[in-house]
2 protein chains.
Amino acid sequence: MSQELFKNDIVKKIVEKSRVIWALDVSDSLMGWDIEVSMPQEGAMERGMARAELQAIGQSILKSPELRSLVEEAEKRIEELNDYERGLIRVLKRRIKIATAIPEDLLKEYFKTTSEATIQWRIARSKSDYGIFKPYLEKIVDLMKKFAEYLGYEEHPYDALLDLHEEGFKTRDADRIFNVLEPGIRRTLSVIQIKGLYKPEHELEKVEYNVEDMKNLNLELLKIFEYPLGVRSRFDVSTHPFTTSMGIRDVRITTRYEGKDFKRSMYSTIHEYGHALYELQIDERLSGTLLATGVSGGMHESQSRFWENIIGRSRVFAEAIYPIIKKHLKFVEKYTPEELYYYFNTVKPSLIRVDADEVTYNLHILLRYKLEKAMITGDVKIGELPEVWNSEIERLIGVRPKSDSEGVLQDIHWSSGLGSFCNYTIGNIIAAQIRKHMMKKIKIDEEIMKLNFKPIREYLKEKVHIWGSTYEPKELLKRSFNEEMNPIYLLEYLEEKYLKV
Amino acid sequence: MSQELFKNDIVKKIVEKSRVIWALDVSDSLMGWDIEVSMPQEGAMERGMARAELQAIGQSILKSPELRSLVEEAEKRIEELNDYERGLIRVLKRRIKIATAIPEDLLKEYFKTTSEATIQWRIARSKSDYGIFKPYLEKIVDLMKKFAEYLGYEEHPYDALLDLHEEGFKTRDADRIFNVLEPGIRRTLSVIQIKGLYKPEHELEKVEYNVEDMKNLNLELLKIFEYPLGVRSRFDVSTHPFTTSMGIRDVRITTRYEGKDFKRSMYSTIHEYGHALYELQIDERLSGTLLATGVSGGMHESQSRFWENIIGRSRVFAEAIYPIIKKHLKFVEKYTPEELYYYFNTVKPSLIRVDADEVTYNLHILLRYKLEKAMITGDVKIGELPEVWNSEIERLIGVRPKSDSEGVLQDIHWSSGLGSFCNYTIGNIIAAQIRKHMMKKIKIDEEIMKLNFKPIREYLKEKVHIWGSTYEPKELLKRSFNEEMNPIYLLEYLEEKYLKV
């Protein structure tokens with residue numbers, strides 16, 4: 001099957017030898033899915049033990065001289081290889097590097113520290129007492145600095161951490177992006193506020209729904225999107241919605257039902273559908289190889305945000321699905337499609353990232369990015385973090401936390417390290433960028449109005465999905481859109497949507 | 001945790017080194033469960049590929065010189081070891097032996113042949129044409145003969161195959177058992193038939209039920225049994241009911257809903273509960289080791305049959321759960337508890353093993369045992385099998401198949417090898433044996449009448465479950481009941497139940 005794409009003999013050997021890494025990934029995905037969706041309560045300890053054992057096998061296979069020397073051999077002939085072959089070598093080299101760079105003792109310390117830190121973060125947040133979490137964060141930042149040294153970097157130690165989450169993404173890229181985004185977003189936000197263009201809240205946020213009705217609404221939306229439920233995918237419930245895959249023919253999403261504010265469940269579903277579609281549309285010939293998954297967190301987020309925001313929160317989408325929503329949720333009858341659109345798009349300077357709207361969201365990420373970078377360079381002391389957080393969010397968004405739990409303690413992410421937040425903004429930027437390019441080929445609004453998503457899916461497939469991890473993110477953008485990541489499109493999109501009412 | 005039981009330093013090392021085998025077992029169980037319960041249709045191919053990769057890692061770890069030499073070292077000090085330590089060495093040696101004995105090429109041929117054979121068996125059965133399956137069965141019998149030679153045996157080549165399914169069980173044991181069972185069962189059967197003591201069918205077999213009601217009945221029974229649903233176990237639906245575990249704190253059963261003849265769904269549930277209870281009551285200190293699972297197929301079957309037959313099909317159980325059944329299945333109101341009991345216990349000489357009653361069931365197994373042994377020794381030619389089957393079942397049970405699909409083609413088992421059928425009879429025998437011993441300590445009928453199953457569970461725990469795989473089956477029987485496997489108890493049980501009306 002994959003023989004069609006992999007022709008070089010050494011690479012063919014590598015495909016065979018590295019299939020076990022793929023299989024271990026599949027096993028880990030299934031174990032992870034099961035933990036969130038089906039595992040009995042008390043299964044956690046044994047599951048953790050089994051998972052750690054299999055992760056350790058994976059590490060030792062990645063470190064094996066046999067695999068390394070095959071990769072080295074292939075690299076000598078890199079000029080002779082086709083794109084798929086090069087992609088496989090790139091991905092495997094990267095995984096070998098990550099597995100090899102960090103000394104085992106340090107890795108153990110990392111796992112120990114972060115698992116304690118997660119527990120302590122929960123306690124700290126519930127008591128809104130940063131002091132409880134501080135010593136753990138100090139340790140984690142120290143560990144991150146060591147990771148950066150072992151992993152290596154050219155310009156900035158933070159680059160090493162960013163790269164773990166988004167291949168090839170550097171501090172320099174983040175600075176470039178945020179230097180454009182910050183003033184643009186703040187301007188848009190202030191215009192919205194001054195002119196009162198979008199409401200900060202909507203009464204539908206308080207309206208309760210029947211979970212069965214909500215589920216049927218989600219299912220009907222997925223059906224409209226032609227999500228291959230039961231055939232190549234699943235749709236389940238979990239506390240935190242997520243997407244995972246056990247191969248490109250077994251992709252699973254979840255959603256949540258909180259019982260009120262129905263847009264939350266609906267947009268979770270649409271968001272995860274976006275992730276799933278990426279995995280589902282990967283070239284079938286990559287199945288069973290390390291290329292058979294989305295290339296990066298940021299690229300993945302661009303797909304979920306594209307469906308959630310660009311499509312899902314558009315005016316035409318609100319109009320197009322209005323009859324469907326009304327059919328399942330009777331209480332919506334009271335509202336016009338236009339009112340629904342405003343319910344879907346409240347804009348409010350707020351303290352909590354996960355509840356932030358499209359406009360303010362990236363300012364929350366900017367705050368975290370700045371703080372992470374400053375923690376790594378030592379420009380911010382860990383003890384000063386709450387104060388710096390509070391002043392900075394006030395400066396950026398105009399609101400000030402009253403407690404640590406509303407501020408520095410709100411995200412779980414730092415209990416397991418630094419470097420992941422930028423992916424959200426990368427996703428938002430690329431989503432807007434794809435939109436702009438797609439508009440040259442497809443009348444997006446017209447297709448949405450017809451609930452005909454096929455051309456949109458096909459476009460995403462051709463430009464992004466089909467390649468899996470064949471090209472690194474920057475190369476993929478260059479190849480498919482002939483430009484680098486460009487934050488202007490996001491600003492334009494926000495201005496177009498939120499200022500031209 | 002397991003340190004409490006494993007004290008010897010070499011064994012402790014073995015516990016650590018072999019944990020990865022346990023973890024791979026956990027992963028394989030979860031993958032298997034997921035295939036039957038949750039996997040999307042098209043996930044099968046990638047799942048098969050992933051599973052095969054992980055099975056291959058397991059094999060290679062079992063064959064590693066490191067593990068072998070540790071086991072050899074431990075064996076030199078076997079006298080110093082406690083029972084748990086010896087048990088672990090025994091189980092690991094056995095797995096190493098099985099992984100090592102069969103040459104890799106032969107194993108590949110086996111997987112190739114049996115996977116084709118399974119497909120061809122389905123076709124053959126649907127067309128009722130043994131000729132389609134015959135060449136595959138010939139290959140499989142040849143492979144089995146080779147397996148026997150590589151695995152080694154002392155008395156009979158079939159011993160090597162029996163041992164794969166039931167540790168330590170030999171042709172000699174099977175002969176001893178069936179020599180007692182055959183005349184006894186045939187006598188009981190003929191008395192039942194002549195006197196018309198039990199009916200061959202019941203009108204309830206045709207009555208349809210509502211699946212939701214049936215599910216609630218099953219759930220209430222599981223609740224009465226104190227099945228720890230959601231806490232340490234699950235209850236799902238699959239085409240063929242089964243039990244699996246991913247550790248002793250994550251044990252999962254399934255049942256089926258065919259829409260009529262409600263006893264089938266109910267007894268599937270009770271049967272699987274019996275399997276699950278075995279895994280759930282294993283000593284927690286064995287968690288994460290190769291001893292943390294039931295010791296053998298036959299011993300496992302004894303537990304499922306104990307709950308299904310000894311308890312579940314008893315007169316008192318029918319009486320005790322009558323109000324519960326009536327509550328969920330309104331149509332049962334028409335019948336008395338006594339009628340229900342006869343519905344639960346129809347006796348009919350029949351052609352199909354899986355539908356056979358308690359009385360005739362073991363004659364079906366005897367037939368298969370005889371044929372398997374004769375295939376291995378060459379006393380029966382594969383081409384003659386349908387004819388031999390038909391005459392032999394007519395002699396044993398008094399019915400003659402009209403087609404191959406009702407006869408030699410009815411079971412899937414032979415498409416993957418020989419040697420597994422005896423486990424069912426072993427299970428029935430041990431279940432009756434346990435009953436006899438339990439009666440000395442517990443007034444079983446009185447406890448059932450009170451729906452108080454705790455003393456029964458506790459007894460099974462103490463005598464069987466808690467040990468996991470610490471003792472091999474024969475040793476466990478000796479230790480717990482001070483005797484060897486004794487088929488007389490099964491005969492007595494059947495006579496007591498079916499002849500003393």
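Contact means that heavy atoms lie within 4.5 Å of each other. The structure is a predicted model, in which local features need pLDDT of at least 70, side-chain atom pairs count only at pLDDT 80 or more, and totals for chains, interfaces and linings use all residues. Residues are numbered from 1 along each chain as its sequence is written, chains are lettered from A in the order in which they are written, and side-chain values use heavy atoms, with hydrogens and water left out.

**Exercise 1.** Describe the surroundings of B:Asp404.

*Solution.* Step 1: locate the residue. B:Asp404 lies in the loop between helix H15 (385–397) and helix H16 (422–441) of chain B; helices (H or I, at least four residues) and strands (E, at least two) are DSSP runs, numbered from the N terminus.

Step 1: list the contacts. When neighbours within four places in sequence are set aside, B:Asp404 touches B:Ser128, B:Asp129, B:Tyr130, B:Pro386, B:Leu409 and B:Gln410.

Step 2: consider the charge. B:Asp404 is buried and has no salt bridge; B:Arg400, the nearest side chain of opposite charge, is 9.4 Å away. Here buried means under 20% relative accessible area (1.4 Å probe, protein chains only). A salt bridge needs a side-chain nitrogen of Lys or Arg within 4 Å of a carboxyl oxygen of Asp or Glu. Lys and Arg count as positive and Asp and Glu as negative, while His and the chain ends are not counted.

**Exercise 2.** Determine how strand S3 (residues 251–255) of chain A is paired and covered.

*Solution.* Step 1: find the parallel partner. Strand S1 (residues 233–237) of chain A pairs with S3(A) in the parallel sense over five bridges, and A:Ser233 has A:Val251 as its bridge partner. Two strands pair if DSSP finds at least two bridges between them.

Step 1: examine the faces. Five of the five residues of S3(A) are buried: A:Val251, A:Ile253 and A:Thr255 on one side, A:Arg252 and A:Thr254 on the other.

**Exercise 3.** State how chain A is related to chain B.

*Solution.* A rotation of 180 degrees, with 0.0 Å of shift along its axis, superposes chain A on chain B (RMSD 0.0 Å). The superposition is by least squares on the C-alpha atoms of residues with pLDDT of at least 70 in both copies.

Note on methods:
Buried means under 20% relative accessible area, exposed over 50%, partly exposed in between (1.4 Å probe, protein chains only).
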